[in-house]
Amino acid sequence: MTRYSAFAIAREALRNHQGWQRAWARATPKARYDAVIIGAGGHGLATAYYLGRNHGITNVAVIEKGWLGGGNTGRNTTIIRSNYLQDPSAALYEKARSLYETLSQELNYNVMFSPRGLLMLAQTHHEVRGYLRTVHANMLQGVQTEWIGPDRVKDLVPIINIDGPRYPVLGALYQARGGTARHDAVAWGYARACSAMGMDIIQQCEVTGVRAEHGKVTGVETTKGFIATPKLGIVVAGHSGQVAGMAGFRLPVEAVALQALVSEPIKPCMDVVVMANTVHGYMSQSDKGEMVIGGGTDGFNNFTQRGSFHHIEETLRALIETFPMISRLKMLRQWGGIVDMTGDRSPIISKTPLGNCFINCGWGTGGFKAIPGSGWAMAELMAKGEPGPLAADFGMERFREGRFIDESVAAGVAH
Ligand SMILES: Cc1cc2nc3c(=O)[nH]c(=O)nc-3n(C[C@H](O)[C@H](O)[C@H](O)COP(=O)(O)OP(=O)(O)OC[C@H]3O[C@@H](n4cnc5c(N)ncnc54)[C@H](O)[C@@H]3O)c2cc1C
């Protein structure tokens, strides 16, 4: 694979851009792989990448029923932060955030990581107490966050109204190195790096069954035939329940739609990410100028990957007191993705009742930020058969044992 560089751009400019290679190879399935991963979202692709990079396992297939990155990875609002309350979460998300810092160089692909700063507004006294607690926890965990007052919030976000009659801004939990990255570029960058290692990314290929003998996985049935493997990773987000069902076990996970919308593009007016968890909405401005706006999940289980009108009204109504300027914005488009929610709002990176079958799911509304760390931890689990330090607490047996990693209270909106 030719490296992308200033020199390569200059060379291709001279020969009419005829020499660029495909970013990843078009693959047809082989009969057998050392490891198969179901799901070519960010988490599945990152798992494949770190299997090769960290553990030398490159005879790997990533199987995708649609197009790579076409699930939640290509539908999310790209917030990256690691200011979680519980120690295992902070360790995992901070690992991911720190990998994002150099991901473009690592993958030789510009993922447009933009650590522009992230604010979680405190708009009730209860939230002030909660965020002060998080700042203290983060100090002990080595995660850099700080508490800032309303005047600093106004300096960082000039378009904000801090004196709202119902929900005045009382301060914010601020993570200066939180921010965003380009979602498809993360999937594309990992896919290109996997392909360069000789891995097969097989798109338009649905897994329809999991075959096992004597309690161990032997392969997967797909719409392109049977593929044998001694190691299976299930990384399918909102479809985890169905694929786990094929492998013969149940998950403590429910699927719901999460929606987002963007406005028409406007001049640069906000260069940080702002989350307002009490009113339930958040906003950032894309490089194109659109205001990227998200809210909460639908209040009922569903598999509908599209937006609905009530969501536009609910989300904008929630944000308008704090951001009066959005009352004059036209909304351009909206969409939805199917997210997989656990009861404690923390992910599952786990062995399963089926031998050599591993699962990575439960990222809910906030897994984009975790992609590099999750892939790192899942690859270690798949390679060694046991979780490493990052994944140790995220086994699914915690729901049976009552060992929750409770982020649900700490993060009303968990993006
Ligand atoms: C509107 C919205 C906003 C969000 N905002 C944020 C945010 O700001 N920050 C953040 O950190 N996170 C956010 N998230 C969450 C984040 O997008 C997800 O947690 C993350 O993308 C999950 O990645 P994944 O690789 O696990 O899943 P996905 O990207 O969904 O990939 C799973 C893949 O598995 C494939 N698949 C499913 N079943 C099968 C099968 N049987 N055979 C083959 N392939 C199969 C699917 O087609 C899909 O491509 C948001 C999500 C949504 C929907």
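At 1.5 Å a residue, the 14 residues of α2 should span 20 Å, and the end C-alpha atoms of the helix lie 19 Å apart, which agrees. The model is predicted. Helix α2 covers residues 42-55. Gly 56 follows α2, with a positive phi near 70 degrees.

Because 11 of its 14 residues are buried, α2 is largely enclosed by the rest of the structure. The buried residues are Gly 42, His 43, Gly 44, Leu 45, Ala 46, Thr 47, Ala 48, Tyr 49, Tyr 50, Leu 51 and Gly 52. Their packing partners include strands β1 (35-38), β2 (60-63), β12 (232-234) and β19 (357-361). Helices α7 and α10 (371-384) also pack against these buried residues.

## Packing against α7

Helix α7 spans residues 183-196. Helices α2 and α7 pack at an angle of about 35 degrees, and their axes are 9 Å apart. The crossing of α2 past α7 is left-handed. From α2, the contact uses Gly 42, Leu 45, Ala 46, Ala 48, Tyr 49 and Gly 52. From α7, it uses Val 186, Ala 187, Tyr 190, Ala 191, Ala 193 and Cys 194. By class, the contact residues are 10 nonpolar, 2 polar and no charged.

An α-helix has 3.6 residues a turn, so residues three or four places apart point the same way.

## The ligand shell

Helix α2 also supplies at least two residues of the shell around the ligand, as do β13 (253-265) and β17 (331-342). Of the 40 residues around the ligand, Gly 39, Gly 41, Gly 71, Gly 337 and Gly 367 come nearest. The shell has 14 nonpolar, 21 polar and 5 charged residues.

Definitions and conventions:
Residues numbered from 1 in each chain as written. Predicted model: local features only at pLDDT ≥ 70, side-chain atom pairs only at ≥ 80, totals over all residues. Axes fitted to C-alpha atoms, helices over the stretch in contact; angles between N-to-C directions. Helix = DSSP H or I, 4+ residues; strand = E, 2+ residues; numbered from the N terminus. Left-handed = near helix turned anticlockwise from the far one by under 90°. Contact = placed C-beta atoms within 7 Å. Nonpolar A, V, L, I, M, F, W, Y, C, P; charged D, E, K, R; others polar. Expected span 1.5 Å × (residues − 1). Buried ≥ 20, exposed ≤ 12 C-beta atoms within 10 Å, placed from the backbone. Near = placed C-beta within 6 Å.
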